[in-house]
Amino acid sequence: MLRSTEESVSFVPNSHSSRLFLPSTAKVGKTSLIMSLVSEEFPDVVPYRAEEITIPADVTPERVPTHIVDYSEAEQTDEQLFQEISKANVICIVYSVNNKKSIEKVTSHWIPLITENTDKDSRVPLILVGNKSDLVEHSSMETILPIMNQYSEIETCVECSAKNLKNISELFYYAQKAVLHPTGPLYCPEKKDMKPLCVKALTRIFKVSDLDNDGILNDNELNFFQRTCFNTPLEPQALEDVKNVVRKNLSDGVCDNGLTLKGFLFLHTLFIQRGRHETTWTVLRRFGYDDDLELNQDYLFPPLKVPPGCTTELNHNAYLFLQSVFDKHDKDRDCALSPEELGDLFDVFPYMPWGPDVNNTVCTNDQGWITYQGYLSQWTLTTYLDVQRCLEYLGYLGYSIVAEQESHAAGITVTRDKKIDLQKKQTQRSVFRCNVFGDIGSGKSGFLQAFLGSNLMRQKNIREEHRSYYAISTTYVYGQEKYLLLHEVFPDFDYLSDADLACDIVCLVYDVSNPYSFEYCAKVFKQYFMDSKTPCMMIAAKSDLPEIKQMYGCSPLEFCRRHKMPPPQSFTCNTAAGPNRDIYTKLTTMAMYPHARLRCMCTCNRCTFCLCQNFLNSELLQTVRAKLYAVVLRRQTVLDFLIGYEYKRLEEMLKILHVSQADLKSSTFWLRASVGATVFAVLGFAMYRVLLKPR
């Protein structure tokens, strides 16, 4: 924080350029100043007005192109003067140090004229230039200082000489500095303190840099901040010197050997008061602020191309960053964010990004606070639905700075086209969208809330204005954690948009107790999804109520069979505990593998698959299996003994028959077959006696 921009790489937007305008009364030497700067020697012949001069960026200290514009009362009109004033980035008012009238005209004519022709909210910085200092032995600063104190837009005053080239290069350096590092937005000379917008910006920077959220920048955090802004850490002694300066001037500026927010703000006030406001500007611009102390649009919204058919997800590094943000604000370590903790997390935002509907979009605890899983789910939802909004949020949190990435777009993964996934029959996506269709009152909202673990009693406490049409949480498919995004589609059949139809799986919900509920689902399927490759599933909601025959041409089960859909899945959220989540796993599985047809997802107890599953899971088979394992464990020794005994009996039989190994080789096929059959019969009988024969 003690490094100046000359010792570091400062961030300056590419769009910056300096336009210097030099108005003055006649014969004060302003044209000579310009020509002396360009030719590095005093001109013999001086015209009334010099042509506009452009100095390339590579020869200026701040690496910014500079345009120098001269003015002549004899050759230019007032209209041209006003136009040049409005276009200027900085205005250098030139006076002659040996001419009192030219000094008086600075306040009586030029400053009022410039004030009238510039925007009041964005004053153009002024520099007073006293030329012809070689003609006098005294300085004009005693006369100029009261003027500088009277007008806050005056950045500085420079006395120079075009004849002997005194302070010529310094003049244009200060002019560039006034453009790139203006004092006006940062500091109020009357109050001798920083302006509110500057304090607000630096406060956000402090909180982003406070990685453990303890309200103090320790040595590691200070060095990280220094390296981030100035590309070099502070030496231990320099770090102590900074803290000692703060200690001497501010009692609570240092706490636990770390810099507090008050100390941080005091340091920047000190930099500005000592004329080193370029240090503060370097910090502000590194954290994304523009000349108006607003976050730059290029910083908040870095370019990110999302081709058609692709989706956006957070990558591993972004999740790690968001986890660290959660951890540093979860002060009570209960894996949930209370309203106070959530407000503290979003204190670096200009507005509260999450409304009350978020609590009905993601998982919450019994107190209604967003859990760790719900927090990550909401970020996943924002990334999927509105990636530009997600980039903006990451910008407020300082992702690219803390994670040391080029931009926030580095935290986003753009998935490949869904058509390629279908061709290759595999996907790397982690988020799958399920659009939920159903008539009014069919149970769609309950189906969404049940995914978040809310039963019917808990759902009744949701206020209508806090209702959400989205629900997102995690499911596990073959051991892999995936996000399932449920979207309740408005049940206006004639106004379904492309966004309503674009999804990975369709969920059609009907009320088993309403005879007219299924008809809506059938119509939606036939008109929009019958010929598409999007998998569909029928949900028989409110299955705890008596099932009534649907007033449709065929039953829901027959409809599903005709259109090669899984049978209707019974579902209810009217349970004492949290609703069953198996149905959501099935939905995610179908979304992940749309090309594969699941064997069976019904509970009809009539099809072959269900009968086999019921038999395999039956209590009788489980009992037999358990007893068989017990018998095997208990009788392992007996088994070894009996097998050995049967082998001895076989050997005795072979001796009786006088069958030796040589005889067997020369015997006929039938004799060999009979011996083999005898061996297997004896072994089989032994196994039977041990394992299955009742005692």
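In which helix is the place of Tyr 520? Look in helix α21, which runs over residues 517–529. Keep in mind as you look around that this is a predicted model.

**Around Tyr 520**

- Tyr 520 counts as buried because its relative accessibility is 9%, and the cut-off for buried is under 20%.
- Tyr 520 and Tyr 552 are 32 residues apart in sequence, and their C-alpha atoms sit 10.0 Å apart in space.

**Salt bridges: the overall count**

- How many salt bridges does a search of the whole structure find? The search turns up 22, and a few of them are picked out below.

**Lys 177 and Glu 278**

- The side chains of Lys 177 and Glu 278 meet in a salt bridge, with 3.2 Å from N to O.
- This pair links distant parts of the chain: Lys 177 belongs to helix α5 (residues 168–180) and Glu 278 to helix α10 (residues 277–286), 101 residues apart.
- Lys 177 has 10% relative accessibility, so it counts as buried.
- Glu 278 is buried too, with a relative accessible area of 5%.

- Another salt bridge joins the side chains of Arg 429 and Asp 504, at 3.8 Å from N to O.
- Arg 429 is in the loop between α17 (418–424) and β15 (431–438), while Asp 504 is in the loop between α20 (498–501) and β18 (505–511), so the pair ties together parts that are 75 residues apart in sequence.
- Buried or exposed? Arg 429 and Asp 504 are both buried.
- The pair also belongs to a network of salt bridges that links Arg 416, Lys 418, Asp 421, Arg 429 and Asp 504.

**Arg 463 and Glu 465**

- Arg 463 forms a salt bridge with Glu 465, and their closest N and O atoms are 2.6 Å apart.
- Glu 465 counts as exposed because its relative accessibility is 52%, and the cut-off for exposed is over 50%.

**An annotated stretch**

- According to an unreviewed UniProt entry, the annotation "domain: EF-hand" covers residues 317–352.
- In the model, the end C-alpha atoms of residues 317–352 lie 24 Å apart.
- That span is 56% helix and 6% strand.

Terms used
Residues are numbered from 1 along each chain as its sequence is written. This is a predicted model: local features need pLDDT of at least 70, side-chain atom pairs count only at pLDDT 80 or more; totals for chains, interfaces and linings use all residues. Side-chain values use heavy atoms; hydrogens and water are left out. A salt bridge is a side-chain nitrogen of Lys or Arg within 4 Å of a carboxyl oxygen of Asp or Glu. Helices (H or I, at least four residues) and strands (E, at least two) are DSSP runs, numbered from the N terminus. Buried means under 20% relative accessible area, exposed over 50%, partly exposed in between (1.4 Å probe, protein chains only). UniProt positions are given in the numbering used here, feature names are shortened, and annotations may be inferred rather than shown by experiment.
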